[in-house]
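Dear colleague,

I am handing over the structure we discussed, with the sequence and coordinates shown just below. Please look through it before reading my notes.

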Amino acid sequence: MDFNQSTEDNLFDRARIIGKPHARIDATLKVTGRAPYAYERHDVVANQLVGYPLCATIAKGRITHMDASAARAAPGVVSVVTTLEIEPLGRAKSNVALLFGGDTIAHYHQAIAVVVAETLEQARSAAALIDVRYEEEPGIFDLEAAWQRLQNTGEPLSDVGDVDAAFQNAAATVDEVYRTASQSHAMMEPHASIVDWSDGGQMTLWTSNQMIAWTREALATTFKIKPDTIRLESPYVGGGFGGKLWLRADAVLAALGSRASGRPVKLALPRPLVFNNTTHRSGTIQRLRISADAQGKITAFDHSAISHTLPGGSGENPVEQTSVFYAGANRRVAHHPIDMNLPESADMRAPGEASGLAALEIAMDEMAEKLSMDPVEFRILNDTQVDPEDASKPFSERHYVECLRQGAEKFGWEARNRTPGSTRDGQWLIGHGVAGAYRGAPTMDSGARVRLQGGRLIVETDMTDIGTGSYTIIAQTAAETMGLELEAVEVRLGNSDFPVSSGSGGQFGAASATAGVYAACLALQEQITKRLDVDVAHFENGRVRAENTDLALADIADGEELVAEDTVHFGDFKDDMQIGTFAAHFVEVGVHAYTGETRVRRMLAVCDAGRILNPITARSQVIGGMTMGVGAALMEGLTADLERGFFVNHDLASYEVAAHADIPQQEVIFLDTKDAASSPLKAKGVGELGICGVPAAIANAIYNATGVRVREYPMTLEHMLDQLPQA
Ligand code: MOS
């Protein structure tokens, strides 16, 4: 199916099943522990061994000596594969550094050996017996030092109008530097795989991954084998957040271990190795300048930033939203990824925007204050309905102003105290903050297959459900299209035997994968119409009705299975517009007057993200994003050892994330705007929107509570302790 123009009104507008708050169809399996995650698939293949990784303890250099003989002789050990002994592996495009092989160390905790044994304990204790020596080279680990050296250098990504002239003529300007921290996805399920490559021929993986087709391709490149000799299953994923977009060392080590031992091998990255062995979101340092005229209209943005990456990577680009979010005739953005030797930085939930809006939306608050304007009204005044860099490109749908207005009303914004540091509740200073959020709404081509078996419909696609609700919204899409009840649909996901889908990433999954399932259902309808030899047929209440026909779907094929498959292709008409998602976040905090401890008291998000396919799963995505935003604001930050080049707090005891008890009240409102340019279902993603803007809303609330402007995340108490108002 080609999606080459904005959709007309269609069957989804009747919203019989789509748009309804159906509980997750996989909920019972999950809460009863029966949804099998990668490491728990004890029954898929017999004779599983356990692999344990050994990882490098230098950040840069080479291995000069490695002796695994004691490990090989240890009890229960079946095989040991070291990085010095294998033939060179290929490097998949998506991996900036080699995942395994050779004597060169590119980052701390790079995998250098895998021990395969009968039990986990045997493998782990044997791994400790491997003797490794290194020749260490100096590395570059300090982003702050790079900023002092490199700020304001490099080519802008875009440069429109005359930014410098606008600043000269401005009535008010903001010019500040903001710092966001490096962050870990910290998903509950670590990277884990069971691999059966025991004869070195066909390879089967039971793994935990967001992108089945990419990972199959990456495995083929890595092992220099044909993709069709590889099978992957990843039906349940215990969180990914971008950390499982790609092939990682768990699968590579398990595959090598399986080939060496002639038996299937399972391997999970131990939690303390996840943080430095896999990817993380790079910290950023950003300078933001905004200029405005006396009426409060923004005249220029100038946003430049650095982040870190291993050589060859792209870092965390936090400036792009500044090109599109607000009006303003003159604008320049620049991002310079700095080659450094910390572990590999890559995508994490709303890559770019999450960090960029953390800075931009504080700067907007600072500008509103300079102009003596209400920060909600200031944002409304600077709304735009066209791409501010290219007025010929309208936003397909943009209801940001409504998000702000409705949020302000529901939150009770008018009642807040506008004088910072002047509201007390016992020992707590109380403050309120607002911030805006923008995240793009991309779509990716996506395929599916449907099988009609009697009155039951089976949907197969390699789409993944990373805790997002894919199973449920896909079932809703198929049931709606075919005129079936939800219970008549069975959804099978995350299997490389199924048609290639968008996968889960970039908040493109929901809109893309449901469109692919819709396309496959239409192909099935066409097949049925032909079979009945009619021109038009209607699918309702489990029946198909045409000219002289009224049949139950169950009776169409006389017990035979009908199979149809299709892929939705999204056309380039979308390039002529901006398709995005928007939100306004409102937060109330209490900051302890003596200790500076910040507690979130309540949060509200109002979101504009197209048709909401299922309010339960969508809300769950947004509150999950908001919760991660609270973590980013107040506690999450990977601390680099600047001499040895690794993240020191590499476990869940020292890398703190926000949890339920940190947020007593959290509310989400969806405007449920339909976006006909986005997808046949008029849907857009919400999975990344929820984190965007939240850190700034909290920073602005802290300012309102205390009068202390914090421009560095996480906003731990030492940033404000000595500036708190006299208690
Ligand atoms: Mo997302 S950071 O593309 O999983």
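This is a predicted model: local features need pLDDT of at least 70, side-chain atom pairs count only at pLDDT 80 or more; totals for chains, interfaces and linings use all residues.

Residues are numbered from 1 along each chain as its sequence is written, and side-chain values use heavy atoms, with hydrogens and water left out.

In helix α4 (residues 143-150), Leu 143, Ala 146 and Trp 147 are the buried residues (buried being under 20% relative accessible area and exposed over 50%, with a 1.4 Å probe and protein chains only; helices are DSSP runs of H or I with at least four residues, and strands runs of E with at least two). They lie on the same side of α4 because they cover an arc of only 100 degrees around the axis, the arc being that of the directions from the helix axis to the C-beta atoms. Gln 148 and Arg 149, on the other side of α4, are exposed.

The buried residues of α4 pack against β9 (172-180), β14 (284-292), β15 (298-309) and β16 (330-339), where contact means heavy atoms within 4.5 Å.

Of these strands, β15 is largely enclosed by the rest of the structure, because eleven of its twelve residues are buried. β15 runs antiparallel to β14, to which nine bridges join it, and parallel to β16, with ten bridges; strands pair if DSSP finds at least two bridges between them. His 308 has Ile 338 in β16 as its bridge partner.

Best regards
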